[in-house]
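I opened the model to look up a few things and kept short notes as I went. The entries follow in the order I made them.

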Amino acid sequence: MADGGPAPAVAVPVPVPGGGAPATILDSLGEDITRIVGPVSTCMLIVVLLVSILSSPSSPSPLTAALNTASAAGAGDDLTSALITAGTFVVCVTAATFLMALLFYFRCTPCLRAYMGFSAIWVLLALGGQICLLLLSRLRLPLDAVSFALLLPNAVAALAVAAVSPASVPIALHQAALLAIAVLTAFWFTLLPEWTTWALLVAMAVYDLGAVLIPGGPLRVLLELAMERNEEIPALIYEARPVDPRHGQNWRLWASRQPPAGDFDPTSTVEVLGTRSNSADLDPSLRQFLVPNLSSNPANAQAREVLALPETRVDIAALRVPLIQPQPDRTREDSDSHDEDGIGLGSSGAIKLGLGDFIFYSVLVGRAAMYDYMTVYACYLAIIGGLGVTLLLLAFFRKALPALPVSITLGVLFYVLTRTLLENFVMQCSTNLLMF
Amino acid sequence: MTVAAGAGYALIALGPAFSLFAGVIAKKPFLVLTLLSSTLFWLVSLIVLSGIWRGFLPLKSGAWWPYVILILTSVAFQEGVRLVFWRLYKKVEEMLDAFADRIAKPRLCLTDKMLISLAGGLGHGLAHAVFFCLSLLTPAFGQATFYVERCSRMPFFLVSAIISLGFLVIHTFSMIIAFNGYGERKKSDQIFVPVVHLIAAVMTLINLAPGGCLIGTPLLCVMAALTLQYSWRMVGQRLTEHEH
């Protein structure tokens, strides 16, 4: 139904490459994926930096690390205790998610939001304060105790409010607060012993797969409840910033949304969580309706209107849902923070990624950073590749999918391969100044 | 080495890559995704190569002929991977064209295709620089630096940074030449790329001789300049003939 978009100019390419060619689809294609890959990369980068700065002075070089891991296997960090720890963690998370589903079923939303706020404040205050103290002492920054005691609670309060009630703060602050929470939690997880961390990652990936896809799984139950009631689950989810329509071409498929009557503001960048009730479209068929999306008016509209005015079609762009229909995404609860896991589409249509995914990706990369930077680069590429594959599957299947399994599998695989195969090869070649 | 020196070496190896990224690639998100996926591709090819050679390492440092075989197999494998990358790219191009038709937008023009091949080549070059040069720099911060016996005039890190720079240029621009050659079926382009890659890799063998790096590294830079010039000429030709 999309007829003439912006008029394609007759293409006469100028001799300079990259010069004034007419706007093609290449200009803005894939922008929404970049808007998710960017924050994930930033989170991983900050965790790697923190791990490098704060790791113990005797951080292992590639040679000594090989010796150490061989001998440290018996220091209480062996496989069985790691598996037991990981198993216990998964059981706790399952129980907590079922509890959350129960609370959601009884419409006890204040409980959930209170828990969300409490966990955000806890992470920021306790973990954040501890890491700040470690940084201050390691980098020998001059800051006295009184200023610190004044600055920390204020910053924590601001970030916690920004994380918990996104509708009242600018979206950049909300995203920054979520990233701060993810970074702090991920750093704390990297302090676990090595085998425990890897066992935990694998266990969480398997749990994720089961909880979302198996019909009785806790996350699936929660998702179905949310879908039945057309409500958003109150949880900490990162939603990629919606693409500004005026930049790019609106090549996106639209979900049929209900626009609030007469409100055509295409620039409303709307956050999702918490207070909005979205009338999610459960019809899996793809239809190309150009509807202006969203205002932040929650209590809106059950009427379906389709805008057929050609001149508004082009302007509207926006809004979201790049490839798939919006589905509320699934939740997973962490033991100390009320996070959401998994990937799906927000009611505004942008890609939503649960904070738990950020955390576990960063834990994997942080743990790789404790060995060597070559593993960091390899695991980073593997995780981004896995995320890309998950997004492709999301476009294909059009329902909420677990974001952990593919990335964690690839990450662990690449870590093992790099550590065993690649490192020797590259060291051999480059110390002889042989490159290809 | 100090942080300042380390940053300097990293910028020698990666400076042009950063400017290309900031100036050309960061503007179009699809190119960023192409860069990431081609980096991943190169990494996978490197891992496969290291898997194949695992049984034969460590090589005795005296003999030089195992290194010749290493270089030959590695270059051959990577050129094969380039062909696979080309096939994938054709499929993606078809999908993009079909998509563009569906939403009534113009198809990919010539500069778009060249930009995609530039991003692909830059991904390969970036992966090379990161894994061969950068990953050895960062653990070495601290006091003192490292010299290799055979190359006692320059610090090891400086030599590896310059070699990485040369290879970055070679990889980036030979991808443009290669894609053009495969697309237009021009034999000269198709032959040029593997030959240049092979010659450049063989030149690093000169580094095995004592004092060889003083000869090998500048020659490598000459190869990089050659690739750059060939690519410039080819692109200029294509664009002018496309205009008419």
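**Entry 1: a serine in chain A**

I started at A:Ser41, which sits in helix 1 (residues 31-54) of chain A. The model is a predicted one, and I read every value below with that in mind.

Is A:Ser41 buried or exposed? I found a relative accessible area of 16% for A:Ser41. The cut-off for buried is under 20%, so A:Ser41 counts as buried.

Next I asked which residues A:Ser41 is in contact with, leaving aside its neighbours within four places in sequence. I noted A:Tyr380 and A:Ile384. With A:Tyr380 the link is a polar contact between the two side chains, at 2.9 Å. I also checked A:Leu381, which is 340 residues from A:Ser41 along the chain. The C-alpha atoms of A:Ser41 and A:Leu381 are separated by 10.0 Å.

**Entry 2: annotated spans**

I looked up the "transmembrane region" annotation for chain A in UniProt, where the entry is unreviewed. The record lists residues 36-54, 82-106, 118-139, 145-164, 171-192, 198-223, 377-397 and 403-422 of chain A. I checked two of these spans against the model. Residues 36-54 of chain A are 100% helix and 0% strand, with 27 Å between the end C-alpha atoms. Residues 145-164 of chain A are also 100% helix and 0% strand, and their end C-alpha atoms lie 28 Å apart.

For chain B the unreviewed UniProt entry gives the annotation to residues 6-25, 30-52, 64-85, 115-137, 157-179, 191-209 and 215-232. Again I took two spans. Residues 157-179 of chain B come out as 100% helix and 0% strand, with the end C-alpha atoms 33 Å apart. For residues 191-209 of chain B I noted 79% helix and 0% strand, and 29 Å between the end C-alpha atoms.

**Entry 3: where the chains meet**

I then turned to the contact between the chains, which takes 70 residues from chain B and 54 residues from chain A. The area buried between them is about 5500 Å², and carbon and sulfur atoms give 77% of it.

How many salt bridges cross the interface of chain B and chain A? I found zero. Residue pairs in polar contact across the interface number seven, counting pairs with both residues at pLDDT 80 or more.

Helix 2 of chain B gives the most, with 15 residues. By class, I noted 46 nonpolar, 16 polar and eight charged residues on that side of chain B.

Definitions and conventions
Residues numbered from 1 in each chain as written. Chains lettered and ligands numbered in written order. Heavy atoms only, no water. UniProt positions renumbered as here; feature names shortened; annotations may be inferred. Helix = DSSP H or I, 4+ residues; strand = E, 2+ residues; numbered from the N terminus. Contact = heavy atoms within 4.5 Å. Buried area = accessible area lost by both parts, 1.4 Å probe. Salt bridge = Lys/Arg side-chain N within 4 Å of Asp/Glu carboxyl O. Polar contact = N/O pair within 3.5 Å; in protein donor to acceptor, adjacent residues only side chain to side chain. Nonpolar A, V, L, I, M, F, W, Y, C, P; charged D, E, K, R; others polar. Buried < 20%, exposed > 50% of the residue type's maximum accessible area, 1.4 Å probe, protein only.
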